[in-house]
Amino acid sequence: MTSAVPLIDDNTADGYGGAIMLLGGTLSVTRGTASNNSAVGSSGSEGRGGFLYNSNGTVTLTDATLSNNSATSGSNTGNARGGAIYSSGVSGSLTIIGGT
């Protein structure tokens, strides 16, 4: 998926990727804004990646603005991870060029 100048705002997901969950594949965002997105863990689970959860995907963000994104954990769990971005996996990559 390639997107130029998107606005990704005010999304909420249960658990992983408040706005986007990428499980393999490619994501490229240029001059986009992602704000006020959240990944909310339920009881017994962690929130990961308020804006983006990436597992084994290839992500490139160019001149992107990420603000006020959050990840929270449910009760009786560990810590939430990746307020804006959580990226994992042995075959994926995350590249950030410029931006705020």
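**Aromatic pairs and salt bridges**

A search of the whole structure finds two aromatic pairs, where rings of Phe, Tyr and Trp (its six-membered ring) pair if their centres lie within 6.5 Å; planes under 30 degrees apart count as stacked, over 60 as edge-to-face and the rest as tilted. The model is a predicted one: local features need pLDDT of at least 70, side-chain atom pairs count only at pLDDT 80 or more, and totals for chains, interfaces and linings use all residues. Residues are numbered from 1 along each chain as its sequence is written, and side-chain values use heavy atoms, with hydrogens and water left out.

**The aromatic cluster**

- Tyr16 and Tyr53 form a stacked aromatic pair, at 4.5 Å centre to centre and with 15° between the planes.
- Tyr16 lies in the loop between strand S3 (12-14) and S4, and Tyr53 in strand S8, so this pair ties together parts that are 37 residues apart in sequence; strands (E, at least two residues) and helices (H or I, at least four) are DSSP runs, numbered from the N terminus.
- The rings of Tyr53 and Tyr86 are also stacked, because their centres are 5.5 Å apart and their planes are at 10°.
- This second pair links distant parts of the chain, with Tyr53 in strand S8 and Tyr86 in strand S12 (residues 85-88), 33 residues apart.
- Tyr16, Tyr53 and Tyr86 form one aromatic cluster.
- Tyr53 is buried at 9% relative accessible area, and Tyr86 is buried at 15%, whereas Tyr16 is partly exposed at 31%; buried means under 20% relative accessible area, exposed over 50%, and partly exposed in between (1.4 Å probe, protein chains only).

**The salt-bridge network**

- Two salt bridges are found in a search of the whole structure; a salt bridge is a side-chain nitrogen of Lys or Arg within 4 Å of a carboxyl oxygen of Asp or Glu.
- In one of them, Arg48 is joined to Glu46, and the closest N and O atoms are 2.8 Å apart.
- Arg81 also forms a salt bridge with Glu46, with the closest N and O atoms 3.7 Å apart.
- Arg81 is in the loop between strand S11 (70-72) and S12, and Glu46 in the loop between S7 and S8, 35 residues apart, so that the pair links distant parts of the chain.
- Glu46 is buried at 15% relative accessibility, while Arg81 is partly exposed with a relative accessible area of 38%.

**Surroundings of Arg48**

- Arg48 lies in the loop between strand S7 (38-40) and strand S8 (52-55), and this residue is buried at 16% relative accessible area.
- Not counting residues up to four places away in sequence, Arg48 touches residues including Tyr16, Tyr53, Arg81 and Tyr86; contact means heavy atoms within 4.5 Å.

**Ser38 in strand S7**

- Ser38 is found in strand S7 and is buried, with a relative accessible area of 14%.
- Leaving aside neighbours within four places in sequence, the contacts of Ser38 include Asn11, Thr12 and Gly50.

**Met21 in strand S4**

- Met21 has its place in strand S4 (residues 20-23).
- Met21 is partly exposed, at 43% relative accessible area.
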